Amino acid sequence: MPDSRQLRRALRRAIPRPVRQRLYDWSPSRARRWRRVAGVESVPAAAGVVLTFDDGPDPEATPAVLAALSGARARATFFVLGCHARERPELLREIVAQGHEVALHGMEHYRHDRLSAPEAERELGAGLEAIETAGGRRPRWYRPPFGATSPSLAEACKWLGLRLAYWSAWGQDWEGDSPERIATLVRRDLAPGAIVLLHDSARYAQRASAAATAEAVPLIAADARERGLDLVTLGEAMSDGDS
């Protein structure tokens, strides 16, 4: 018998791709949640553009993403899961060594918005501890999986000294599209101050590999540079000090 995740994926796949894209973009539930629980959706226009990568570090994709960022002379923010940081501390340290910012995506990848405030504090606190132990730096930013936020998460962030971060542009790279398609979707909203959502892992997606995300990075970087936009970390863009 297929599990619930497999059934959800099968149902999504039954919806034509253009319709799925419109549904992702529209998402009244996400918009409603973000209005209730405010977070950073964009940065000051003069700062440039922030590329962000969720779900790593992952040995299958993170090194390729780092190589692509290096080739593009770009810095980015990685929203890391504590469980993966614990498994691959050397990858976390390499992210930091290459000048990128490490942020929190939680300890485990599931719907954090369903947690009570004490449960959320434990989940986020465990992730912070794992990341700090593995990489030597304590994250300042938190993005919930799926962007699914709640007042309980906001309360936990307040207790732990974290700031909530969302996004304003994305490549919908979990769909398994080509690098060109990912870059095209990002380009729609690649305005000054944009926060771009991408993923340096395929563990929680419908695609078999995250290689296309790494291959999309130079295309996205070229689009940004054509518009005179620097690619910086979230901390740099928000004048958050040393990232």
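**Note on the second largest pocket and nearby features**

1. The lining of the second largest pocket is made up of six nonpolar, two polar and four charged residues. Here Ala, Val, Leu, Ile, Met, Phe, Trp, Tyr, Cys and Pro count as nonpolar, Asp, Glu, Lys and Arg as charged, and the others, Gly among them, as polar. The model is predicted, so local features need pLDDT of at least 70 and side-chain atom pairs pLDDT 80 or more, while totals for chains, interfaces and linings use all residues. Residues are numbered from 1 along each chain as its sequence is written, and side-chain values use heavy atoms, with hydrogens and water left out.

2. The volume of this second largest pocket is about 170 Å³. A pocket is an open set of points on a 1 Å grid over the protein atoms alone, where a 1.4 Å probe fits, with protein on both sides within 12 Å along at least five of seven lines; lining residues have an atom within 4 Å of a point. Points are joined across faces, edges and corners, and the volume is the space filled by probe spheres set on them.

3. Asp25, Trp26, Ser27, Arg30, Ala31, Trp34, Trp167, Ser168, Ala169, Trp170, Arg188 and Asp189 line the second largest pocket. At least two lining residues come from each of α2 (17-26), α3 (28-36) and β6 (169-170); α3 gives the most, with three. Helices (H or I, at least four residues) and strands (E, at least two) are DSSP runs, numbered from the N terminus.

4. The whole structure has five aromatic pairs (rings of Phe, Tyr and Trp, the last by its six-membered ring, with centres within 6.5 Å; planes under 30 degrees apart are stacked, over 60 edge-to-face, the rest tilted). Trp34 and Tyr166 are stacked, at 4.3 Å centre to centre and 5 degrees between the planes. This pair joins distant parts of the chain, 132 residues apart: Trp34 is in helix α3, and Tyr166 is in the loop between β5 (163-164) and β6. Trp34 and Tyr166 are both buried (under 20% relative accessible area; over 50% is exposed and in between partly exposed, with a 1.4 Å probe and protein chains only).

5. Trp170 and Trp174 pair edge-to-face, with 5.2 Å between centres and 70 degrees between planes, and both are buried. One aromatic cluster takes in Trp34, Tyr166, Trp167, Trp170 and Trp174.

6. The charged end of Arg30 is over the ring of Trp34, 5.8 Å from its centre. Arg143 lies over the face of Phe79, 4.3 Å from the ring centre.

7. The backbone has points to check. Most residues other than glycine have a negative phi, and most peptide bonds are trans. The Gly56 to Pro57 peptide bond is cis, with omega near 0 degrees, and Pro57 is in the loop between β1 (49-54) and α4 (62-71). Phe146, not a glycine, has a positive phi of about 65 degrees and lies in the loop between β4 (141-142) and α8 (151-160). Gln172 has a positive phi near 45 degrees and is in the loop between β6 and α9 (179-187). Phe146 is exposed, at 53% relative accessibility, whereas Gln172 is buried, at 0%.

8. The count of disulfides is zero (a disulfide is a pair of cysteine sulfur atoms within 2.5 Å). For Cys83, the nearest cysteine sulfur is that of Cys157, 18 Å away. Cys83 is buried at 11% relative accessible area, and Cys157 is buried at 3%.

Conventions:
A charge sits over a ring if NZ of Lys or CZ of Arg is within 6 Å of the ring centre and within 35 degrees of the ring normal.
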